[in-house]
Amino acid sequence: MRLLVSTIAALTCLAAPASAQFRPDPVRQARTEKDYQATLQRLGIQVMRVGADGFNKSSPNYVNYDEAKAGNPKLPPLITIARPNARWWRSSRRPELIRLLEDEMYGRVPSNAPSLRWSKVEEGPRQKFGFATLSRKYRGMVPGSALAVDLSLTLPANAKGRVPVILEFGFPEGFRFPGPARPEPANPWQAQILRRGWGYAVLVPNTVQPDDGAGLSEGIIGITAGGRPRALHDWGALRAWAWGASQAYNLFSADPRIDSRRVAIEGLSRYGKAAAVTMAFDQRFSLGFIGSSGAGGAKILRRNFGERVENLTASGEYHWFAPAFLKYGGPLETGDLPFDAHSLLAMAAPRPIFVGAGMIKEDGWVDPRGSFIAAREASAAYRLLGRPGLVGSTPPAINETRAAGTIAFRQHDGGHTNEPNWPAFLDFAARVWGR
Ligand code: GCU
């Protein structure tokens, strides 16, 4: 729970509202600042640019929400040869981009990363959301360390045959944000999944890797670093969370009740970024729901709209990435990145993904249009592999699901939440999974 609280505390020091009711822990903040400065020093960086300010309208750095000022950046091409084909993509271009995404942004999983040992800590038939389920709680451990990864799995009771599972990056069961109680959704996503006869699981990312710079000496990154500071291309929290999802997949693939060819990954916001990273690096996941993922996820970084690279490379968020990424917020420019968000999404090809966001008014920070553009531009890789990618070149209307292709896009009429997009995502899942 301490990790969780510190994570939530970290949300408060970011540039735009995520969840502002939490008081940051000053001790962890001081440790974060120290690690941040030490990282800059190791990289030889003296000056970092300032990110977009999501709060103060009179700030010269106030965030841009004006489409006319977003720019129309030229994107690094996915296809770099004159006569590309699927084989070239698979054996040459994809590995090349994967390496660049690792080295310059998300970091590599160290070769000494252990496997998690999952143990069942609770099991039983349970009534959930009006459905009879078989529920399990697991703890993922690394012998000799204090790591205790929290994973829960809920499958419909009386299923005939193996069932698909949707894995969410989320919060532990029963968790409530402090402050006034939020109204329960009328049709919770879990109920929607169970109604289809499918299962769901929740992995608590912060139990894999704490969500602040102070946590880089803890969690799985701390374990593999063994007391040393992170090297230039070492993983950040997003890659570590994605690694946690891969560890959960290992468990699912050994479970005869689960259809391991139909396991999806879903997340919102920073966890939406982690879902995109999971889809990119672990090809066993057959479907992704990437919700309001914004900068570092589906948003084109070269667009000046909403959050910017300079926010990602500041002390509140740098821990999501490899140390090498910091240079793009200082000595290098965003335009120096050898890829953009379309390249990240293209790593999922030809597997289906659903990219979602809310309205500009409430979810502008994530740049919904920039996410649409990334989805559209990623489609070149899908087409090369014989799939349509995203159909259409202009965004669909609000609340209209564009799901005819292998990449679906939907901008719902609410804010920073996946909730209104769940029904459309599950329809998409049913189609692409052939159910
Ligand atoms: C902040 C941050 C985003 C992130 C979001 C969240 O707004 O700037 O990058 O996605 O928090 O995870 O809630």
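A residue is called buried when under 20% of its relative accessible area remains, exposed when over 50%, and partly exposed in between (1.4 Å probe, protein chains only). This is a predicted model, in which local features need pLDDT of at least 70 and side-chain atom pairs count only at pLDDT 80 or more, while totals for chains, interfaces and linings use all residues. Residues are numbered from 1 along each chain as its sequence is written, and side-chain values use heavy atoms, leaving out hydrogens and water.

**View 1. Helix 7 spans residues 270–281.** Helices (H or I, at least four residues) and strands (E, at least two) are DSSP runs, numbered from the N terminus. Twelve of the twelve residues of helix 7 are buried, so the helix is largely enclosed by the rest of the structure. Among them are Arg-270, Lys-273 and Phe-281.

**View 2. Helix 3 (residues 86–106) meets helix 7.** Contact means heavy atoms within 4.5 Å. Arg-94, Ile-98, Leu-101, Glu-102 and Tyr-106 in helix 3 touch Val-277, Ala-280 and Phe-281 in helix 7.

**View 3. Strand 5 (residues 199–203) is mostly covered.** On one side Gly-199, Ala-201 and Leu-203 are buried, and on the other Tyr-200 and Val-202 are buried.

**View 4. Strand 5 pairs with strand 3 (residues 149–156) and with strand 4 (residues 163–169).** Two strands pair if DSSP finds at least two bridges between them. Strand 3 and strand 5 are antiparallel, with four bridges, whereas strand 4 and strand 5 run parallel and are joined by five bridges. Leu-203 in strand 5 is the bridge partner of Leu-151, and Phe-169 also stands opposite Leu-203.

Key. Expected span 1.5 Å × (residues − 1). Axes fitted to C-alpha atoms, helices over the stretch in contact; angles between N-to-C directions.
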